Amino acid sequence: MNPAVLIKALLFTLLSASAAYSQVITPGDLLRDDTSLRNRYLLASQAREQAPPDNADRDEAATYRKIYEEQYKDITTFWSGSEPVTDPAINGYLQSIVDRIISANPELHALDARVVFSRDWWPNAYCMGDGTIAVNAGLFIYLKNEAELAFVVCHELAHDYLRHNEKEVRAYVQKINDVAFQQDLKRIARQGYSVNRQLEDLLKVMVFDSRRHGRDHESEADTCGLRFMMHTGYDCRAMRTCLQMLDHIDDTAFYSRAPRIDSLLDFPGYPFRPSWIRKSSAIFSDMKQDASVTPAEKDSMKTHPDCANRILLFDNTWKDDGAVRQDFLVSEQKFKEIKSRFYYEIMEQCYRQDELSRNLYYALTLLVNDPGNAYAVFSVVRCFNRIRELQKNHRLEQSIDRENAAFPVPYNLLLRMLDRMRLDELESVNTAFAAAYGSQMASYPGYAAQIAELKDTSK
Amino acid sequence: MKRTIVVLVALFLVAFSAGAQKMSIENVYKVTLRNSDAIRQGSEVKGYYFFYVSDKVDRNTNEYTLRITDNNLSVLKDVKFTDSKHVSVLESSFNGTDLIFLFYNDDERTLEYQVYGADGNKKFSYVRELTKKDKAYLESTYLSMNDEENTYKGLYPVENLGFISNTPSREDKDFTFEIDYFSTEAKKQWSYIPTEGGKRFLGDYLGCSNGVVYLEILKYTSRMDQKPDSRLVGLSLESGKLLFDISTDSKYRFFPVTVSSLNNGNGYIFGEFFDPDANIAKDNSRGFGFWKVDETGKISFEKYLLWDVDLGKYLGVNSSGKIDDFGYMYLHKMVQLSDGSIYAIGEGYKKAASALGIASKVLTLGRSGISAVKIRVTNMILIKFDADFDVKGAKIYEKNPNNIEMPSGAAYVSTAALGKMIKYELGGFDYAYTQQDNDKTSFTVCYSDYERDKDYKGSTFNAISYADGKFTTDHIQTKSDASRSAVLPGKEGQVLILEYYKKDKRLDIHFEKLN
């Protein structure tokens, strides 16, 4: 996906007017992971740890080992962390779809794949090269039906089946150890002058080449994934709708209303201060950002083909054979339930990982779309407490995004406010917020502890 | 080399990332952290620049990169150019519309002032050729402070109009200084070099207000002269024409230090005053005062406050201005709030016996260049005045003292002159800068310090903040594994920490929020 699109999608006001839980959600109601399943997956991944091919020379073998080491560190971190959703019911639902795809495609029967939902907020799915395939909750909540999910899974299974990761590693290792490439590097190093410029030129060629192969792999995975999908009974036109959605992901929102912090955080005893979000004058508005990178170079840096081209590929490949195809084959109800639950999982994961500006934005979005939502109120108070703690110890920087033109306006206003608020203002706004919801939250699990912390810090 | 490749690939990718709360610049061949600074409009930070050697083109030529970012560190422009390896950036400034950089070419003996517009393009360039005498004098004064710690500033913005530069200069046998004005509206420049009435001239740019450039000049008749003539000089900003040149002897002998423009747009000159027959270079001042001087040199407002009477109500102060455990006060800045109250931000210093100086004198039979007196820079002070400049309160903020060995002869200099010497010649104060919000309801005073605790030993960055009618303090421990580090102002309530890792040729930059 185009990084700019990814960053824009970033903030979410997450899509569709999907219904939230009807009952009061508490942290105890969040999904519980099946640790034994996660450990089994981890062991299965480790069993597939790769070794350099037999024909690799000494230098190549060293490069392979280094790459695999890094790769397996990432994979181990993934399975050991809080990202994978291994809740039996939800994982079982996903496996039903995966099993349907694999059983319908004999060529996949030998594939050793572990497909799992991840709690990450950004809209993405990926294949890690060892059979681990993750579909982010931040992508799933945008999908309209099981068929779109099946397309995403088929696409990632195709990457694994076609061994794209292995091919990319091989291409990189061969390029890095290529005699001509090494001679170029030695020549540049010997010269001692204009080293950076020459290296940059050399690497541009290498990066552009690698990205071009990457885009070719994406197209190949689309074609192959579509072939897998055709045998499943799912409506293959979901590929088209899914790609259309991805193309406009930055313009979509999970909830229809974006939070207005100037009203949500305005209290009679502690009014919202316009100076927190007042725009400061710009002075370098005439400067073009990234002027050193040409549009052609930017295009060459893309990891995926443009969605329009991928849709064209689908239109040219897809032939309707008249077979009956469905949007849902496992459970429409379960699909919708998971979408609602995942909003909470994403929120909680952001908090766990100290991605606090996102956590707060999600919580305020939930609050404005479901007024009085107790989990949202709890999350706001807890998040302000955490922000205050980090700010006091000068460790907040890594947990708060900075304003960016690619972000939605309401999120930028929240970031601006957090950027400007002093410690005592954070305490005061949190105290006023907690007081406004105090009566309804009295029996909410864990809330009293947050209020005690707030009172303790305000002393 | 393979390692470099991986790093460069990463760098290339980073160039496309949009988020920028933290920035890392790789392959920085050589960096002087002083060559990075905040681009400020008043006290508001609008962006940053980073100047570094990014490549070596040949034996005598470097490629330089001047990176300009917005105040969130998003890269706006990388200006790359090749020039002699003898080029360095001495200073920079921003006047609200344009940027100016002062480049020094050691080999060709030139100072070049380059003006860049808000579109990042070069607008004008002003070159000043230096004589060998000029260069030697600059090297013993201005350029001798060309290090990481220096706080010397000789380049000042004139809002939306241009820049004033103040550099030491030689004219025949005279040791003097040169004031240059560089317009940013059109290529226009004027210079002012005082040469009459003395043999040695020390000049201080006090500030600019209502079209008048105010200078404080000390004129010495010879190098041995111990009783300089103190003059307040006004120049026309438009033409550089001399508007007035008045003695600072009025009811008292007045020693101007700074001009601060307050909310009514008027510039007030702050200074210390002495008895009419006192020697301002040697004697103690009686107190401090404020002048308002119009464009004809007429003093339209004078206010004198005695150390022991006016400030003594709030602090223990003797009649010579020595505050108990604090020493004498050097005033760095004044800010006025929307309610009319004025705060003066100062720092203390006092003379102390120097063991090193005494030992040197004994060992060298008095020929040592080190004074037997050292200076101890003490605490921060905030004095509150009402709109009529009557003292309404004062508070001292403690920090760890630091000692400065003084050059020989410093024992015979007045405390007021010593303050200027610490500020401009020795860079000895810990004060860094003050920021005020646009509504003029809050301000933050920042300064550095050094901590020696059992848990932490290293430098700290400190802040005294005023908001909602109360003062708070904060400090950040800035010691890290970096080869060198520096702190720049951020948006109000924030600082930017620069850390250079020499081994990795990497410059890491990130914000810290002040509480």
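This note sets out, point by point, features of chains A and B in a predicted model.

1. Overall make-up of chain B. Chain B contains five helices and 33 strands. Of its 515 residues, 58% count as buried. Among contacts in chain B with a separation of 6 or more, 49% are made by residues 24 or more positions apart.

2. Helices H6 and H9 of chain A. Helix H6(A) spans residues 146-161 and helix H9(A) spans residues 195-230; the two pack with their axes 7 Å apart, at an angle of about 120 degrees. Because of this angle, H6(A) is oblique to H9(A). The crossing in which H6(A) passes H9(A) is right-handed.

3. Residues between H6 and H9. On the side of H6(A), the contact is formed by Ala147(A), Ala150(A), Phe151(A), Cys154(A), His155(A), Leu157(A), Ala158(A), His159(A) and Tyr161(A). These meet residues of H9(A), including His217(A), Glu218(A), Ala221(A), Asp222(A) and Phe228(A). Sorted by class, the contact of H6(A) with H9(A) has eleven nonpolar, four polar and two charged residues.

4. Helices H9 and H13 of chain A. Helix H9(A) also packs with H13(A): their axes come within 10 Å and cross at roughly 35 degrees. This crossing of H9(A) and H13(A) is right-handed. From H9(A), the residues involved are Ser219(A), Asp222(A), Thr223(A) and Leu226(A), while H13(A) supplies Arg310(A), Leu313(A), Phe314(A) and Thr317(A). The contact of H9(A) with H13(A) divides into three nonpolar, three polar and two charged residues.

5. Helices H10 and H13 of chain A. Helix H10(A), residues 238-247, packs with helix H13(A), residues 307-317, at an angle of about 170 degrees, and their axes are 9 Å apart. The two helices are therefore roughly antiparallel to each other. Met239(A), Arg240(A), Leu243(A), Gln244(A), Leu246(A) and Asp247(A) of H10(A) meet Cys307(A), Arg310(A), Ile311(A), Phe314(A) and Asp315(A) of H13(A). By class, the contact of H10(A) with H13(A) comprises six nonpolar, one polar and four charged residues.

6. Aromatic pairs. Over all chains, the count comes to 65 aromatic pairs. One of them joins Tyr126(B) and Phe182(B) in a tilted arrangement, 4.8 Å centre to centre and with 45 degrees between the planes. Tyr126(B) lies in strand S9 (residues 122-129) of chain B and Phe182(B) in strand S12 (residues 174-183) of chain B, so the pair ties together parts that are 56 residues apart in sequence. Tyr126(B) is buried, with a relative accessible area of 4%, and Phe182(B) is buried at 1%.

7. Tyr181(B) and Trp190(B) form a stacked aromatic pair, with 5.6 Å centre to centre and 25 degrees between the planes. Tyr181(B) counts as buried at 4% relative accessibility, as does Trp190(B) at 7%. Elsewhere in chain B, ring pairs link Tyr268(B), Phe270(B), Phe288(B), Phe290(B), Phe301(B), Trp307(B), Phe385(B) and Phe389(B) into a cluster.

8. Surroundings of Val158(B). Val158(B) is found in strand S10 (residues 155-158) of chain B and counts as buried, at 6% relative accessibility. Beyond its neighbours within four places in sequence, Val158(B) is in contact with Asn95(B), Phe163(B), Ile164(B), Tyr181(B), Tyr205(B), Cys208(B) and Leu237(B). The C-alpha atoms of Val158(B) and Ser183(B) are separated by 9.1 Å, the two residues being 25 residues apart along the chain.

9. Residues with positive phi. Leu73(B), a residue other than glycine, has a positive phi near 75 degrees. Leu73(B) is placed in the loop between strand S4 (61-70) and strand S5 (75-84) of chain B, and counts as buried at 1% relative accessibility. Asp468(B), likewise a residue other than glycine, has a positive phi near 50 degrees. The loop holding Asp468(B) runs between strand S29 (457-467) and strand S30 (470-477) of chain B. Asp468(B) is partly exposed, with a relative accessible area of 45%.

Key: Residues are numbered from 1 along each chain as its sequence is written. Chains are lettered from A and ligands numbered from 1 in the order in which they are written. This is a predicted model: local features need pLDDT of at least 70, side-chain atom pairs count only at pLDDT 80 or more; totals for chains, interfaces and linings use all residues. Side-chain values use heavy atoms; hydrogens and water are left out. Axes are lines fitted to C-alpha atoms, for helices over the stretch in contact, and angles run from 0 to 180 degrees between N-to-C directions. Helices (H or I, at least four residues) and strands (E, at least two) are DSSP runs, numbered from the N terminus. Angles under 35 degrees count as roughly parallel, over 145 as roughly antiparallel, 65 to 115 as roughly perpendicular and the rest as oblique. A crossing is left-handed if the near helix is turned anticlockwise from the far one by less than a right angle, and right-handed if clockwise. Contact means heavy atoms within 4.5 Å. Ala, Val, Leu, Ile, Met, Phe, Trp, Tyr, Cys and Pro count as nonpolar, Asp, Glu, Lys and Arg as charged, and the others, Gly among them, as polar. Rings of Phe, Tyr and Trp (its six-membered ring) pair if their centres lie within 6.5 Å; planes under 30 degrees apart count as stacked, over 60 as edge-to-face and the rest as tilted. Buried means under 20% relative accessible area, exposed over 50%, partly exposed in between (1.4 Å probe, protein chains only).
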